[in-house]
Amino acid sequence: MMKFTKQDFFVLVGGIIIYVVDIGVDFWVASKYFCQGQYSWSILILCFRGISSLVTQIFSYEWFKNDWEGTDTGKLKWIFLVHLFHCGIFIRYWFALKYGCQAAFKLKSSGDASETDPSNFIKKQAIDAVTDINMLRVFKAFLETTPQLFVQIYILMQHGKTNCYQYAAIFMSLCGISFSMADYQMSLQKSLPDKGEFRVPSKFMYLFYKLLTITSWVLSISLITLLSVRISVILLIFLWICGFTWTLKQCTTFCKSKKMEYLYRTVVGIILIFTFFNIKERRTKVCISIYYATHTVVTLGILFVYMFWKPSIIKEIHFTIVIILTILHLVLGIIFLVVYYKHFHPTTYCRPQACLDEVDGTTGQKDRVKTSRFQNFLMP
C-alpha cells in the first residue's frame, strides 16, 4: 500500500530549504569571485548553474506536457512561461506540498489498496510529484553540484588560501549530493513498491558508498587538473564519450521523443563521469566492477605521478592532506560499495520477481495498467 507520511512531508520541506539556500550560496560565491577580479571562476560557477537549470527546466516542462496531454492548452502556456523564467521547479514543489499536505495530515487510510480509492489517489499524486522533483535533483547534482565541488576544491589546492564562502560552497555541494542520493532512494521505494523495502542500513550504506566514491573521484580530477588542465579536459571528454556510447548501446526508453531521449543520454553520459548507475535491463556486477576498477587505477596512477614526478609538491601540508583524503575516501567508498551490494542491496532480501525488476528497471512493465517515469530512470 502506498504511504506518504508526515516525515516524508518534512523531508520535502527540508529539500525546498536546501534548494533555495543552494541558489543563494551559488550567487554569493560567484559575486565574491567577481568582486575579487576572478571573473573566470565567477562565470564558470554561473555557467554550471545556468546549464543545470536549463536542462532541468526542459525535462520538467516535457513531463508536464506528457502528463497533461489532451488537457487545456492554456495551462500548458502558463507552465511554459514559468519554465521560461527558470521557475518550473517551484511549480513542482507547490504541487508536491499541496498533495503531500493532504496525504500526510488530512487523509486516513481506508485499507483499500486500489489506486481508484480517493486517499490512495492523493498519496499517489504526492509520491509522483516528489519523485519528479527528485529525478530533477539527480540531474542537478551531477550537472551543477558535483562540478562546483570540483571547482572549489581545485581553487583551494591551487591558491592554498581559504575563505568562508569557499567552505560554504563545498559544504552545500556535499549536502546537495547527499540529499539528492537519499531522496533518490526514497523515491525508488515509494514509486516502485513492488521492488521491496529499502531498510535503513541499506540507505546509509548506499549514501556513504556514493558520497565517498564521488568525493574521491572529484579529488582525483582536481589533482589531474593541477598537473595539466589540458589532460584533465581530455580525460573528462573521453569519459563522457565512453558513458554516452554505453548509454546509446543500452537503447534507453526514458523519454517519449527521440530528441529528449538523446538529451537524456547526454546527461547520463555526464553523470557516468562521476558515479555509476544501472540504466537498462542489465546485471550490474561486471559493469560496476570495470567502472570502479578503472577509477581506482586512474586515481593510483595520479598519486604515483605526484610521488615520482612532483615530489616537492607532496611536501606541502595541504597536498598531503588531499592525497590522504583521496585514498581514504576511495578505500572506504569501495568497502561500502562491496558491503552494500553483498548484504544490503534490495536484491538480497526482496521477493524474486521484485529482485529481477530492481535490476532490469522495466521488467513486467507491460503487465501494469499505468507505468511511472521512474521505472525507466536510473537504477542503483
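A nonpolar surface patch of about 550 Å² is formed by I321, L325, I327, L328, V331, L332 and I335. Patch members have over 30% relative accessible area and no salt bridge, with nonpolar side chains (Val, Leu, Ile, Met, Phe, Trp, Tyr) joined within 5 Å and like charges within 9 Å. A salt bridge is a side-chain nitrogen of Lys or Arg within 4 Å of a carboxyl oxygen of Asp or Glu. Accessible areas come from the Shrake-Rupley method with a 1.4 Å probe, and for residues only the protein chains shown count as cover.

This is a predicted model: local features need pLDDT of at least 70, side-chain atom pairs count only at pLDDT 80 or more, and totals for chains, interfaces and linings use all residues. Residues are numbered from 1 along each chain as its sequence is written, and side-chain values use heavy atoms, without hydrogens and water.

- L328 sits in helix α12, residues 317–344 (helices are DSSP runs of H or I, at least four residues, numbered from the N terminus).
- L328 is partly exposed, at 44% relative accessible area (buried is under 20%, exposed over 50%, partly exposed in between).

**Cysteines**
- The whole structure has zero disulfides (pairs of cysteine sulfur atoms within 2.5 Å).
- C35 is exposed at 68%, whereas C255 is buried at 16%.

**R49**
- R49 lies in helix α2, residues 39–67, and is buried at 10% relative accessibility.
- Its side chain makes a polar contact with the side chain of E144, at 3.0 Å (N or O atoms within 3.5 Å, one able to donate a hydrogen and the other to accept it; residues adjacent in sequence count only if both atoms are side-chain atoms).
- Leaving out residues up to four places away in sequence, R49 touches Y19, D22, I23, D26, K140, E144 and Q148 (heavy atoms within 4.5 Å).

Conventions: Helices (H or I, at least four residues) and strands (E, at least two) are DSSP runs, numbered from the N terminus. Buried means under 20% relative accessible area, exposed over 50%, partly exposed in between (1.4 Å probe, protein chains only).
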